[in-house]
Amino acid sequence: MPKVTWILADGREISAQVAVGHNLMEAAVANNVPNVIGECGGCLSCATCHVYVEPDWAAKTGKPGEMENDMLEITTAERKESSRLSCQIVATEELDGIVLRVPQI
Amino acid sequence: MSEPIVIVGAGQASASCAAKLRALGYDGPLVIIGEEKAVPYQRPPLSKKYVSGELALERLFVRPLSWYQEEKIDLMLGARVASIHPETREVALGDGARLHYRDLVLTTGSRPRRLPASIGGDLAGVHTVRDLADADAIAPTLKPGAKLLVIGGGYIGLEAAAVAAQKGLGVTVIEMADRILQRVAAAPTSDFFRNLHQSHGVIIREKTGLAKLVGESGRLTGAELSDGSFLPADVAIVGIGILPNDDLAKDAGIAVDAGIWVDGQGRTSDPHVFAAGDCANFPWRGERTRLESVQNAIDQAEHVAAAIMGETKDYDPKPWFWSDQYDIKLQIAGLNRGYDSTVFRPGKRPGTQSIWYFKAGRLIAIDAMNEALAYALGKKALEAGKSADPAVVADPNSDLKAIFV
């Protein structure tokens, strides 16, 4: 199972093993990562699972899809080049070790 | 020890209320009492990915079980509240035990309207979609070649129809009103979804009511319709609306009328009893309002938590909603109640579009079909109290990012 690390705005880190096929919003919720909320359950309607992908991992996670790109227009925290909705990143073995930064909201 | 805040009902609203109470610094005892055995879970996927078998139960949980332990929330599941006693600030459980409360929050939700037994509503094979047990009962009946009758062309019925059609069932939707989605959307949105379902082989029969369901040996075999025709069916899904669970409040002498009456802070007619979510009927923009959505379950429950902690502002919801059918994501920003005109706007990609609702010249809601930018920007603009010019909206070449004023 790939390991995922969330770095919170205050510098605290939370790491967890995530089942392949689960998305990283549900993984965050299951591991009590604050400020990754996922109100709509991962169906691209709330933009409350916004994270920044650490630059080293950007190539492996890829770019946001069209609808995700549109939803990123209304994130609470500033949108950056590295912004993703974590419900749209699905855990794979290739992402083992990925680091996500959680914005302050 | 101080008396607990007790939350009755264990769904999205209860989990949100509990989380907000803790976030706002309430560190006293906190109890959630729920009739179902499952940890509070998200209901929307039941009629979508859960019933189709794509999503396991634990992936529906609003929060993991460990969270309740870490937050010292006493989760009493499989427990029924039999009555509320506001005069002594107690709830009585089904097993006779009594529990004192400091404040009580009712997040009792709603239940599907059912068909009476006199017209076959109790036949085996007739289902509603509300909780896990419903979805677990429906899932094994979704077999290729089976005949499904959906009674009611609202979101629940249409989502079930979409899942079943994709599983290879023969699906007919009957709707008593002139058009599907009549209660919740304008004609262009109904037209879009009628076409979508028909393109997947679903038969949509509008202006068609149910006379009665017919069965043999207690099991559904078909339906007699209002036009006198007979339709064979192996399974029926009834999606004809939901009713607020307000009996507990009513029996306790708390004011109810189409839901539990609350003020802007979510307080009922008893100062220590609050209500939030599907079951609550609240004042908004000069009208009594009940919203049946995840947005309202979360936001109103959080508002109640804040009110318990001393907040005095009135709840001012920012409604949003979604429905997934086939490869179409419908996203709704705002609430179209009382609209007097609509504007159609084609989307930037093929097959995408949005319907904009106006009331007295002001934008109040948007239905967006695979058109997330219109939804996203519209949601933000509506929350900020902005509007848009219908003529500019109708021009497909106008810039969405500059449309809101």
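Two strands are taken as paired if DSSP finds at least two bridges between them, and the views that follow are drawn from a predicted model.

**View 1. A three-stranded antiparallel sheet in chain B.** The strands of this open sheet run in the order β13-β14-β15 of chain B, with antiparallel pairing. Because β13 (210-216) and β15 (230-232) of chain B each have a single partner strand, they stand at the edges, and one side of each is left without a neighbour in the sheet. Neighbouring strands are turned against each other by 30° on average, when direction is ignored. Strand β14 (residues 219-225) of chain B pairs with β15(B) over three bridges in the antiparallel sense, and Ala223(B) has Leu231(B), in β15(B), as its bridge partner.

**View 2. The contact between chain B and chain A.** Here 21 residues of chain B are in contact with 15 residues of chain A. On the side of chain B that touches chain A, the elements giving two or more residues are α2 (65-70), α7 (294-308), β22 (320-325), β23 (328-334) and α8 (372-383) of chain B, and α8(B) gives the most, with six residues. By class, the residues on this side of chain B comprise twelve nonpolar, two polar and seven charged.

**View 3. Domains 2 and 3 of chain B.** The domain assignment divides chain B into domain 1 (5-111 + 242-308), domain 2 (114-238) and domain 3 (327-402). The centres of domain 2 and domain 3 of chain B, taken over C-alpha atoms, are separated by 30 Å, and their contact takes six residues from domain 2 and nine residues from domain 3. The side of domain 2 that touches domain 3 has five nonpolar residues, one polar residue and no charged residues.

**View 4. The surroundings of Leu106(B) in the largest nonpolar core.** This core has 155 residues, and Leu106(B) is one of those with the most contacts inside it, a group that also includes Leu104(B), Ile260(B) and Phe274(B). When residues up to four places away in sequence are not counted, the residues touched by Leu106(B) include Val8(B), Leu248(B), Ile260(B), Phe274(B) and Cys279(B).

**View 5. Two loop residues of chain B with positive phi.** Most residues other than glycine have a negative phi. Arg89(B), which is not a glycine, has a positive phi of about 50° and is found in the loop between β4 (81-85) and β5 (90-93) of chain B; it counts as partly exposed, with 18 C-beta neighbours inside 10 Å. Ala360(B) has a positive phi near 50° and is found in the loop between β25 (353-359) and β26 (362-369) of chain B. Because Ala360(B) has 9 C-beta neighbours inside 10 Å, it counts as exposed.

Methods
Residues are numbered from 1 along each chain as its sequence is written. Chains are lettered from A and ligands numbered from 1 in the order in which they are written. This is a predicted model: local features need pLDDT of at least 70, side-chain atom pairs count only at pLDDT 80 or more; totals for chains, interfaces and linings use all residues. Two residues are in contact if their C-beta atoms, placed from the backbone, lie within 7 Å. Helices (H or I, at least four residues) and strands (E, at least two) are DSSP runs, numbered from the N terminus. Ala, Val, Leu, Ile, Met, Phe, Trp, Tyr, Cys and Pro count as nonpolar, Asp, Glu, Lys and Arg as charged, and the others, Gly among them, as polar. Domain bounds come from an automatic or database domain assignment. A nonpolar core is a set of buried Ala, Val, Leu, Ile, Met, Phe, Trp, Tyr and Cys residues joined through C-beta atoms within 7 Å. A residue is buried if 20 or more other C-beta atoms lie within 10 Å of its own, exposed if 12 or fewer, and partly exposed in between; C-beta atoms are placed from the backbone. Axes are lines fitted to C-alpha atoms, for helices over the stretch in contact, and angles run from 0 to 180 degrees between N-to-C directions.
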